[in-house]
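Colleague: I'm new to this one and would like to learn how to read it. Could you walk me through it, feature by feature?

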Amino acid sequence: MSYQVIARKYRPQRFADVVGQEHVSQTLANAIAQSRIAHAYLFCGPRGTGKTTIARIFAKCLNCTGGPKVDFADDDPRCKEIAEGRSLDVLEIDGASNNGVEQVRELRETCKFAPATSKFKIYIIDEVHMLSTAAFNALLKTLEEPPEHVKFMFATTEPEKVLPTILSRCQRFDLRRIPASLIVKHLGVIAKQEKVKIDEAALHAIARGSDGGMRDAESTLDQLISFCGERIEENDVLSMFGLTARSQVLGLARAVLEGQVAEALRGLDELAKQGKDLARLLSDLLNHFRNLLIYVVSRGDLSLLEVSEAETAALKEQSALSTADALTRIMEVLSECESRLRDASSRKIVIEVALLKAIQARNAMSLDSVLNQLQQLRSERGGNPVASAAEPAPVAPARAQSSFGALREALSTETPKVPPSPAAPVATSTPEPKPAAPSAAPASACSGEGLEELWQNVVTGVARVSPFTKTYLLEAHPVAFEKNVLTIGFDPEFADHLGLVDNAKNHSIIQTKLHELGFPGAMVKFIKADAPPDRVRLVIAEAPADPAPARAEAPKAATEPRKEAPASRAFSKEDFKDDPLIKKALEMFKGQIVDVRA
């Protein structure tokens with residue numbers, strides 16, 4: 001007797017033998033028991049999940065001796081004829097090769113005749129979506145109102161290609177991919193009957209490679225028996241089909257979660273040298289992170305997962321290394337890589353980049369989280385006594401005024417005084433201290449207490465006009481005030497702020513504030529310079545309602561009513577659209593300002 005492959009030898013012969021499709025087999029069995037048998041059925045699903053097999057079993061139930069019934073005898077001659085494909089009343093038609101109108105016309109003519117020996121004449125059309133539109137339309141009338149002795153059973157892997165008019169005339173059953181655990185169990189039974197010893201890990205590898213198709217798994221087992229003989233191990237499965245061992249996938253995932261860049265790249269390089277299918281490796285890695293995410297979210301509920309004992313232990317261990325948000329970001333990176341992998345000329349490089357991005361993404365934070373933390377820090381700092389102490393003290397104007405006077409006096413030794421304009425405030429109430437010697441003037445001007453107090457008042461004044469410019473200046477520090485030029489420095493850490501703050505608008509704002517503080521004609525210069533190690537960073541909780549004390553004595557301020565500080569008004573889009581940082585963000589993301597919240 002000729003050899004019969006495992007997929008045909010162990011093909012289910014009754015509903016009880018069908019694996020993983022209980023929702024279909026139970027429904028059909030109940031329909032037979034209740035005598036509610038329709039005239040047309042459509043079985044959809046991936047390849048190798050049992051569409052044609054279920055159609056044949058259903059035909060046996062309908063045409064068996066004394067039927068229709070579910071529990072037919074194994075030695076029933078009519079059932080044997082159907083199983084062997086020689087029944088005159090059960091016709092299997094290939095939709096791919098019989099897809100024309102002429103074949104449908106022939107079917108319509110033959111279905112009028114009564115069955116030869118059975119109760120029903122059954123037509124099983126496989127891959128029915130291959131029929132042409134004209135053939136479908138020619139079948140419509142017969143399909144809707146066939147003779148009482150005719151039953152139609154269609155099978156297809158692409159139900160979306162079947163005309164809606166055909167779908168509406170059929171009872172549709174969607175077959176699903178068979179779970180890996182059921183495939184492993186079924187293959188173990190077959191291996192035992194074939195007297196073959198196979199490792200549990202090898203069975204899981206076969207199930208993983210079959211992608212939910214029982215026929216693919218049985219064909220793989222058949223091929224492995226020919227390749228390995230009576231003993232099959234996991235390495236045999238992996239070497240034959242280019243799959244990656246589950247332990248290697250788990251090790252690569254652990255390297256990503258722990259941030260071990262070198263270990264992750266080394267593991268990928270070893271797998272590539274072993275000739276593993278990198279696309280399949282990426283799919284397995286993505287599936288593992290998916291299982292890990294579900295494990296974390298469900299707090300260890302294994303009923304939602306199809307994993308082995310070794311994978312369960314790995315999930316329990318790795319769940320402590322990450323969070324749900326981090327796993328989501330990692331999966332987004334790997335999913336994007338999977339879509340790009342199809343068109344990539346070098347798959348290894350693309351996956352290497354994806355692994356590096358995944359390692360970086362595990363510690364990334366969402367923009368909402370950053371904004372919430374900034375808001376929380378702002379709220380905490382607003383009520384902090386340290387922040388309030390850092391504000392200029394309005395109760396001691398004499399101190400600040402005398403310091404400014406000393407600074408102006410020191411600068412006057414190097415640059416001629418400019419006559420004050422009517423708008424420039426002149427401090428006359430408090431006498432200025434004795435000017436220092438010319439040789440000591442630059443030192444007092446560059447690093448004295450007056451320079452720090454001047455800088456404090458400049459930043460406070462700028463905060464009322466431009467809140468975003470203030471945020472830049474909080475990271476800066478005064479370097480010197482010589483020859484009527486205020487030099488402002490940024491630490492190398494904040495050197496990227498130079499391009500954002502060094503513009504004509506900010507120069508004008510700072511020069512205006514210097515003019516109001518008694519330094520008319522002063523210029524501004526931004527440089528990169530290290531801040532003194534003992535310098536305390538400025539903290540501006542709120543812009544003070546009143547400018548420097550000297551301004552209160554200016555002639556113009558005494559004669560004209562003072563306008564309300566801009567800080568008391570609500571922010572609008574116009575306040576932010578000219579800011580360089582906002583402009584850059586809008587250009588980068590091609591966005592627009594929708595709402596402004598202070």
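Modeller: Happy to. Helices and strands here are DSSP runs, a helix having at least four residues and a strand at least two, numbered from the N terminus. Keep in mind that this is a predicted model.

Colleague: Next, charges. How do I read a salt bridge?

Modeller: The general idea is that side chains of opposite charge can pair when their charged atoms come close. In this model the count comes to 21 salt bridges. Take arginine 56 and glutamate 92, whose side chains meet at 2.5 Å, N to O. Arginine 56 is in helix 3 and glutamate 92 in strand 2 (residues 90–94), so this pair ties together parts that are 36 residues apart in sequence. Glutamate 92 is partly exposed, at 39% relative accessible area.

Colleague: Which residue forms a salt bridge with arginine 231?

Modeller: That's aspartate 199, with the closest N and O atoms 3.1 Å apart. This pair also links distant parts of the chain: arginine 231 belongs to strand 7 (residues 231–232), while aspartate 199 is in the loop between strand 6 (197–198) and helix 9, 32 residues apart. Arginine 231 counts as partly exposed at 43% relative accessibility, and so does aspartate 199 at 23%.

Colleague: How far apart in helix 13 are glutamate 263 and arginine 266?

Modeller: Three residues, so about one helical turn separates them. Their side chains meet in a salt bridge at 3.0 Å, N to O. Salt bridges can also join up: Arg208, Arg280 and Asp284 are linked in a network.

Colleague: And the nonpolar inside? Which residues touch the most other members of the largest nonpolar core?

Modeller: Leu285, Phe289 and Leu334, out of 34 residues in that core. Two or more residues come from each of helix 12, helix 13 (261–273), helix 14, helix 16 (324–341) and helix 17 (347–361). Helix 14 gives the most, with nine residues. Click on phenylalanine 289 and look for its contacts, among them Ala253, Leu257, Ile330 and Leu334. Apart from this core lies another of 27 residues, including Val18 and Phe72.

Colleague: Last one: what lines the second largest pocket?

Modeller: Its lining has 34 residues, with Ala180, Arg208, Arg246, Asn287 and Glu306 nearest the centre. Elements that give two or more residues to this lining include helix 8 (180–193), helix 9 (200–210) and helix 12 (246–258). By type, the lining divides into 13 nonpolar, nine polar and twelve charged residues. The pocket's volume is about 890 Å³.

Key
Residues are numbered from 1 along each chain as its sequence is written. This is a predicted model: local features need pLDDT of at least 70, side-chain atom pairs count only at pLDDT 80 or more; totals for chains, interfaces and linings use all residues. Side-chain values use heavy atoms; hydrogens and water are left out. On a 1 Å grid over the protein atoms alone, a cavity is a set of points where a 1.4 Å probe fits but cannot get out, and a pocket is an open set with protein on both sides within 12 Å along at least five of seven lines; lining residues have an atom within 4 Å of a point. Grid points are joined across faces, edges and corners, and a volume is the space filled by probe spheres set on the points. Ala, Val, Leu, Ile, Met, Phe, Trp, Tyr, Cys and Pro count as nonpolar, Asp, Glu, Lys and Arg as charged, and the others, Gly among them, as polar. A nonpolar core is a set of buried Ala, Val, Leu, Ile, Met, Phe, Trp, Tyr and Cys residues joined through side-chain atoms within 4.5 Å. Buried means under 20% relative accessible area, exposed over 50%, partly exposed in between (1.4 Å probe, protein chains only). Contact means heavy atoms within 4.5 Å. A salt bridge is a side-chain nitrogen of Lys or Arg within 4 Å of a carboxyl oxygen of Asp or Glu. Lists of a residue's contacts leave out its neighbours within four places in sequence.
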